[in-house]
Amino acid sequence: MNIFMLLLLVILFRYLNVAREGEFNRDYLSKENTAAVNGIFVLMVLFSHGAQYISLKGPYDQAYVALKVYLDQLVVSTFLFYSGYGMMESVKKKGYPYVRSVMTSRFWKLLFQFNVAVVLYLIVGYPMNMRFSPSRILLATIAWTSVGNSNWYIFAIFGLYILFFLSFFVLKYRNRTTTLYVGAAVLTVLSAAFVLWQIRMGRPNYCYNTIILFSGGVWWSLLKKWIDQIVMRNEMVYFGIATVVAGIYCVSYVKRWNYGVEGYTVWATAFIMVLMLITMKVSLNNPVFSWFGNHVFSIYILQRIPMSILHYWGVSEKHKYVFLILSILSTMVIALIFEQAVDAMVSGWCRVKGRLRPKQLAG
């Protein structure tokens, strides 16, 4: 695994661009930069899930094992933060029509994509004697349970989409700047309640301990103008703030397990702040990572299909590195086919719906 990490570092530094003294990367939250960062983390998710099928006790695996334990659930931190940021940016530009589209379009498209994947897992799992009760399959359609797929993150996104819609629904009646801040505050409170509800339901802590980062992205969108003005004033201010944030990060890392989900939240938030400060100075513009970052959902949700098949065939036990390479390559191919197929199904449904509507109205 250390070799895979070394390869990632080579790719990372191949396209790395560090701003000169006194200059900053003011496009650190552009789609290109965030896609590249997400690409790194979705690859880490691939490695993390792949590691569940193989033994990592060899001397050439220990550096990766240490990194895996260190990052823990923060491998999904940027997905949540950037998603919250991007959705808030869209609200600022489009107002209530975008908020409405979250539940009339975005939510249902994600639900459809996810359930297509669930059906694929059921089909693939059947020859491998993976049988599930009807109740489990039913709950798997909303990502509460799993039929071999990864599910907790998708369930969190379903919940956050609903909470986002509820928090900013008031824009329909009052489209003011202050309303955005009120909506962000409501979303933060509702997200905390969402976390507490999952705790009460007995969900594992990885299901909820990074959820608040979505709200963090919303707040960063609202405050970005002032954050950038302060942090990017000059080198001295930047490094002064970076030192303070780094200190908070180090302390919160040491104590991340001491205060329940609250302590973990502080550490996760500090991690994101450190990452934002780094990207203010460092630009990736990496075509390899950007490709993975532009296909996060399909890679995340489909990766266990080739992993399960290869594990069933015994590849993971006999040739663990071949298993990982084949899993990654297969996931890339399946992801592209899946996206094209789903897009075709959605487009076909929209055309049918468009043809039916006039008849329905006429009736």
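Which side chains meet in a salt bridge at 2.7 Å, N to O? In this predicted model, the side chains of Asp228 and Lys224 do so, where a salt bridge is a side-chain nitrogen of Lys or Arg within 4 Å of a carboxyl oxygen of Asp or Glu. Asp228 and Lys224 lie four residues apart in helix α9 (residues 212-231), so about one helical turn separates them. Helices are DSSP runs of H or I with at least four residues, numbered from the N terminus. Both Asp228 and Lys224 are buried, that is, under 20% relative accessible area, whereas exposed denotes over 50% and partly exposed the range in between (1.4 Å probe, protein chains only).

The search of the whole structure returned four salt bridges. Another of them joins Lys281 to Glu235, with the closest N and O atoms 2.5 Å apart. Lys281 and Glu235 are both buried.

A salt bridge is also found between Glu23 and Arg20, whose closest N and O atoms are 3.1 Å apart. Glu23 is partly exposed because its relative accessibility is 36%. Arg20, at 60% relative accessibility, counts as exposed.

Residues are numbered from 1 along each chain as its sequence is written, and side-chain values use heavy atoms, with hydrogens and water left out. As the model is predicted, local features need pLDDT of at least 70 and side-chain atom pairs count only at pLDDT 80 or more, while totals for chains, interfaces and linings use all residues.

Methods: Helices (H or I, at least four residues) and strands (E, at least two) are DSSP runs, numbered from the N terminus.
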